[in-house]
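These are my notes from a first look through this structure, written in the order in which I looked things up.

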Amino acid sequence: MSVRTFLSKPLPRILAILALFAAVAGTAVTTQVVTATKAHADGCYTWSRTLSQGASGEDVRQLQIRVAGYPGYGAHLAADGAFGPATKAAVTRFQQAYGLGADGIAGSATFSKLYSLQDDDCTPIHFTYAELDDGCGGSGWDGGPLSEAATKANALQTMWQLEAMRHALGDQPLSVTSGFRSIPCNNSVGGASNSQHLYGRSADLVGVHSLCTLAKQARNHGFGGIFGPGYPGHNDHTHVDIRTSNSWSAPTCGI
């Protein structure tokens, strides 16, 4: 409608049109605000309090699983439900990695970032249970030395540590070529009798980065087992696992 046409209307009608425009605009603004401020509907786990050093409980343990990839070079973070200095340091590194205020206290900003990084089954957004249960055709989490629940829990923490490593490498893809293996599966591929793959703690990796880059970076993300180029049988992938003592060997990479 042109300005001239608009002004030719009787005053009551002009006022009615203006009121209609205002109502429509108000509805649009209201809708936008609601969308922008709506709380994250998390289907996995939701924290209900701020966590800092000295806290304890299941909510701390859930936090520790998600920041287990930030323990510092050669270190490991226990998911024991006790928020101590190591957990504070890991939370601080996580916050720094994502540009948050880095005070080592897990509050709304930290939890919002974690919500954005996890799917409804608690896996990080760039990894899935299906990837870690490749075994011999993805047969499930049974058939290993541990219960299915314990094996799957190990796989979950492995994925969160991989998520941290992936982010540190510029958020470029990491591909898991072998994850959990049942005992029959492990035997069929010639795996070691004490392989960490049996426990759901391992991932064999390839990606856009060199295998040596993967091996070197893994040292910063809580992986106790790292085997890569130059170690027998590992020239086509880099193996990482979440054992809590360090055993690293990738001679071609200087490790």
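I looked up C44 to begin with and found that C44 is buried, because its relative accessible area is 19%, where buried means under 20% relative accessible area, exposed over 50% and partly exposed in between, with a 1.4 Å probe and protein chains only. I note that this is a predicted model, in which local features need pLDDT of at least 70 and side-chain atom pairs count only at pLDDT 80 or more, while totals for chains, interfaces and linings use all residues. Residues are numbered from 1 along each chain as its sequence is written, and side-chain values use heavy atoms, with hydrogens and water left out.

Next I asked which residue C44 is joined to by a disulfide. The partner is C122, with an S to S distance of 1.8 Å, a disulfide being a pair of cysteine sulfur atoms within 2.5 Å. The torsion about the S-S bond of C44 and C122 is about 100°, so I recorded this disulfide as right-handed. The pair links distant parts of the chain, since C44 sits in the loop between α2 (11–37) and α3 and C122 in the loop between α5 and α6, 78 residues apart.

With -75° about the S-S bond, the link of C212 and C253 is left-handed. C212 lies in helix α9 and C253 in the segment after β5 (247–249), 41 residues apart. C253 is buried, because its relative accessible area is 8%.

I then traced the sheet, which is open and has five strands in the order β1-β2-β4-β3-β5, with mixed pairing; two strands pair if DSSP finds at least two bridges between them. β1 and β5 stand at the edges with a single partner strand each, so one side of each is left without a neighbour in the sheet. Strand β3 (residues 225–227) pairs with β5 in the parallel sense over three bridges, and F227 has S249 as its bridge partner in β5.

Which strands does α7 lie across? I found α7 across β1, β2 and β4, running at about 25° to β2, where axes are lines fitted to C-alpha atoms, for helices over the stretch in contact, and angles run from 0 to 180 degrees between N-to-C directions. α9 lies across β1, β2, β3 and β4, at about 135° to β2.

Last, I checked D241 in strand β4 (residues 238–241). D241 is buried, because its relative accessible area is 0%. The side chain of D241 makes a polar contact with the side chain of H239 at 2.8 Å, such a contact being a pair of N or O atoms within 3.5 Å, where within protein one must be able to donate a hydrogen and the other to accept it, and residues adjacent in sequence count only if both atoms are side-chain atoms. Leaving aside its neighbours within four places in sequence, D241 is in contact (heavy atoms within 4.5 Å) with residues including Q196, R201 and F227.

Terms used:
Helix = DSSP H or I, 4+ residues; strand = E, 2+ residues; numbered from the N terminus.
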